[in-house]
Amino acid sequence: MSTLKDTKIGETVRVVKLNGEGALRQHFLDMGVIPGAEITVVKYAPMGDPVELLIHGYKLTLRTDDAEKIEVEPVPRKKAQDKKRTRANSTAHPGLGEGGKYHPKGSGNPLPDGTKLTFALVGNQNCGKTTLFNQLTGSNQHVGNFPGVTVDRKDGVIRDNPDTLVTDLPGIYSMSPYSSEEIVSRNFVLEEKPKAIINIVDATNIERNLYLTMQLLEMDIPMVVAMNMMDEVTSNGGSIDVNGMEDMLGVPVVPISAVKNEGIDELVRHAVHIAHYREKPVRQDFCDADHNGGAVHRCLHAISHLIEDHAQKAGIPVRFAASKVIEGDEIIVNMLQLEQNEKDMIEHIVRQMEKERGLDRAAAIADMRYSFIQKVSESTVKKPRVSKESLRSEKIDRILTGKYTAIPMFILIMGLVFFFRRKPAAPYGAGNRQPDERC
């Protein structure tokens, strides 16, 4: 069986098996590298490492040592081309800054007036989170560290809303305990219990960003999705049906452009409203009972009933706890303080699911999430065309990062840098002192 490391540029392959272990393997799954997923090799770095891939509609960069742990099989060229021509359904876009419609789960009693509304600002790296935080808080912010770690935290009051406090959490890709940033973000949500979550999503990279969104929905905390960079989507002929996405996710979705300060006021109104009225997500169940016989669906619900009392005692949302128990998250399992007979029963349920589903526990959960994300994308997203800036960048990259041109271009550029920074010595009489002739 060949590996992803052996795949040539332009070839499309299907993932057959992951050979990584522990946190690294979970990280692969969170990135969408799931058995059955199709991957296209875009390019290799000039020295052959790392490699850039196209998977689930977004680009992923892996070290070749990691790519060697992924066993693949070739995909027939005709099938790969047919899939490339497939386009998401075109739907009407409600306009930048115009909120859609959603139906919140029965709201609890509103918080007393004057209660400080705390918000967690969560999103992937490079999705515009810092820009949005600056737009929300202006200069009214405090920078420090999370207790016990060196990961920076920023807190600030939302402008014109004195009874609010928003915390900018580290940029993360999932709520799995892979890195210190992910652990910090997860612990903050679980332990600090903010009144609401502002989940910022890169509208130009929906498939990758919604994976974190689905995990946040399992936290059962009021949440609003800030669909950032909508100006880039619409300017390149794309669109997103915000109304349809709200119905499928069960939380308000507000299209914004943090750079242009568009839609921010609408976002703040939604965030303050759901926090004050404690409007939790409508749905957290994204497993399709008809998908592959509903094995994951049955497993999740059986374990949810089994651990419900333990999750409530530990202060962990039941659905989130159930998915993490299936994934084998030892941190959450230890927090639940399960009896040995309960652990044995959970193991039996999970093994039965793996047998029916044909995937291991962690891969089955990741596949369930990406299957739902694909439905959302196909139903509500019309992909934008490639922008002129991206095409220009790709042409430049062919020269600057080409296999035979990268090193010569690097030497040329560095030579020019040193040449222009070199300062010729000034002649005597132009401000320099004459040498001292005394012995």
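Trainee: Is F420 buried or exposed?
Mentor: This is a predicted model, so local features need pLDDT of at least 70 and side-chain atom pairs count only at pLDDT 80 or more, while totals for chains, interfaces and linings use all residues. Residues are numbered from 1 along each chain as its sequence is written, and side-chain values use heavy atoms, leaving out hydrogens and water. Buried means under 20% relative accessible area, exposed over 50%, and partly exposed in between (1.4 Å probe, protein chains only). With a relative accessible area of 64%, F420 counts as exposed.

Trainee: How are the rings of Y211 and Y370 arranged?
Mentor: A search of the whole structure turns up 3 aromatic pairs. Rings of Phe, Tyr and Trp (its six-membered ring) pair if their centres lie within 6.5 Å; planes under 30 degrees apart are stacked, over 60 edge-to-face, the rest tilted. Here the centres sit 4.8 Å apart with planes at 25°, so the Y211 and Y370 pair is stacked.

Trainee: And what kind of pair do F419 and F420 make?
Mentor: Their ring centres are 5.3 Å apart. The planes meet at 80°, so this pair is edge-to-face.
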